[in-house]
Amino acid sequence: MSQTLMNIYNLLPVRVRPVAAGLRGAYLRAWRYGPETDRLVDEALEKEKWTPEQWRSWREERMAFVLHRAATKVPYYREYWQKHRLRGDHSSFEILENWPILEKEPLQLNPRAFIADDCHPHRMFREHTSGTTGKSLELWWSLSTVRAWYALFEARCRLWYGVSRHDRWAIIGGQLITPVHQQKAPFWVWNYALNQLYCSAYHLAPGFLAAYLDALIRYRVRYLWGYTSALYELAQAALEFGGSFNIRVAVTNAEPVFDYQRAAIEEAFGCPVRETYGLAEIVAAASECELGKKHLWPEVGWVETLNGAHPGNHDDRNELICTGLLNSDMPLIRYRTGDSGVLATEEKCSCGRTLPVVQAIEGRVDDSLYTADGRRIGRLDPVFKAGLPVREAQIVQETLGQLRIRFVAAPDYTTEAGRSMIERLQARVGKLEIVLEQVEKVPRTSNGKFRAVVCKLPKLEIPSS
């Protein structure tokens with residue numbers, strides 16, 4: 001939604017806001033769902049039974065189409081290949097490895113250069129994302145792309161979990177649907193067109209959490225969707241205050257799920273937690289099946305990995321480099337997502353789906369710490385084990401010799417718990433100085449996301465070996 005519309009919305013009386021939200025929801029529903037939706041959903045579910053050979057054939061054919069369309073119809077890429085021809089480089093654009101890695105900057109500077117010649121932006125759906133780093137992106141999707149994407153979403157983020165778009169749900173998101181300065185409920189708005197209770201991620205303060213829980217009950221919410229950290233905050237309140245919830249599943253997005261968070265959410269709401277992964281750029285997506293395995297969605301993108309680890313580094317995470325297969329009207333080829341993970345294995349999941357199994361998708365590449373001897377350290381969630389009397393915590397690195405743990409203490413916090421965090425962190429990073437900083441709330445990014453690890457080292461200070 002544009003800032004102008006948001007400003008108008010914020011001027012409306014509270015009782016009128018649901019009408020405005022519903023109108024916005026009706027607009028989105030018209031884009032997302034149409035007469036072809038049920039067929040697309042059935043096709044997505046049927047593809048989950050395909051053999052590896054069927055998937056390979058389909059993906060190779062789709063990749064050839066996307067690469068040809070990008071090289072001949074998309075201004076940014078057409079200019080790139082023309083320059084190469086003039087320099088006497090006759091590398092074939094039909095081979096993915098011949099394409100350069102696409103950084104975010106060209107996409108930010110001139111996003112329309114990535115739209116195919118035969119598409120008209122004013123007839124497309126415009127998506128705006130601020131990104132975890134605060135760097136904004138403008139993206140365009142055709143109607144067919146939007147509906148194909150939301151059909152996959154319906155199949156693998158709802159039907160897998162026994163719910164549908166017709167059920168009542170609550171999302172905790174980054175839209176400013178309530179002014180930040182507001183100190184009295186409601187901190188949410190009901191969107192009747194999408195059966196959605198949209199809850200502000202910016203008002204999850206201790207004094208307001210009971211009101212959120214009451215809203216989940218009053219609006220008869222069937223499933224939850226939101227940032228992992230936000231659902232975890234709600235869960236802690238539910239464990240403290242209690243409540244009778246009828247939640248079928250809690251679906252997380254945008255942030256990794258740590259074991260202690262999963263345990264708390266499942267206990268609080270009496271339902272499973274299912275982790276999902278996706279990007280507004282629509283170049284990769286994954287969701288967790290009922291057996292706890294994460295599966296890639298092969299129709300969405302072709303995922304490569306780059307291991308930029310330093311020698312002796314025990315962190316086996318890789319950067320995710322993705323080529324979008326779904327959105328051929330604004331194709332992104334070998335796009336550096338900024339995320340990292342340990343990807344596909346040969347494992348076959350007992351759930352029966354033939355979608356590739358992913359070992360882990362672990363968030364941003366820069367969510368790592370560095371030691372003076374050149375090691376990059378990731379996977380630090382075990383530091384904050386289940387049962388630790390800390391509501392939330394964040395590790396910040398500003399120098400090679402020191403780490404800071406920002407944390408929000410639970411009522412039963414003790415100095416012994418602080419020593420435990422220091423010892424567990426030092427066991428993973430060595431004898432760096434650890435500073436404990438108790439705060440009322442760990443800061444979020446500009447779009448409300450929580451980062452468990454923040455590296456503030458200048459690039460020149462990051463060890464190269």
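Arg353 is situated in the loop that links strand E13 (335-345) to strand E14 (357-364); helices (H or I, at least four residues) and strands (E, at least two) are DSSP runs, numbered from the N terminus. The model is a predicted one, in which local features need pLDDT of at least 70 and side-chain atom pairs count only at pLDDT 80 or more, while totals for chains, interfaces and linings use all residues. Residues are numbered from 1 along each chain as its sequence is written, and side-chain values use heavy atoms, with hydrogens and water left out.

With a relative accessibility of 15%, Arg353 counts as buried, where buried means under 20% relative accessible area, exposed over 50%, and partly exposed in between (1.4 Å probe, protein chains only). The side chain of Arg353 forms a polar contact of 3.3 Å with that of Glu48 and another, of 3.1 Å, with that of Glu290. A polar contact is a pair of N or O atoms within 3.5 Å; within protein, one must be able to donate a hydrogen and the other to accept it, and residues adjacent in sequence count only if both atoms are side-chain atoms. When neighbours within four places in sequence are left aside, Arg353 is in contact (heavy atoms within 4.5 Å) with Glu48, Trp160, Cys289, Glu290 and His295.

Arg168 is partly exposed, because its relative accessibility is 24%. The side chain of Arg168 comes to 2.7 Å from the backbone oxygen of Tyr219. These two residues, Arg168 and Tyr219, are separated by 51 residues in sequence and by 7.8 Å in space, C-alpha to C-alpha. Not counting residues up to four places away in sequence, the residues touched by Arg168 include Trp190, Asn195, Arg220 and Tyr223.

The largest nonpolar core comprises 83 residues, and those with the most contacts inside it are Tyr77, Trp99, Leu107, Phe114, Trp141, Trp149 and Ile333. Helix H7 gives the most to this core, with 8 residues. A nonpolar core is a set of buried Ala, Val, Leu, Ile, Met, Phe, Trp, Tyr and Cys residues joined through side-chain atoms within 4.5 Å. Beyond four places in sequence, Tyr77 touches Ala70, Ala71, Trp99, Leu102, Phe114, Pro331, Leu332 and Ile333. Apart from this core lies another, of 60 residues, including Trp188, Ala268, Phe269 and Met421.

The protein chain as a whole contains 11 helices and 20 strands. Of its 465 residues, 54% count as buried. Among contacts with a separation of 6 or more, 68% involve residues 24 or more positions apart.

The predictor's confidence in each residue, pLDDT (from 0 to 100), averages 87 over the protein chain, and 88% of the residues score at least 70. Confidence is highest in helix H3 (residues 37-47), at a mean of 98, and lowest in strand E16 (residues 376-377), at 66. Over residues 309-315 the pLDDT falls below 50, and this stretch has 12 contacts in the model beyond near neighbours in sequence.
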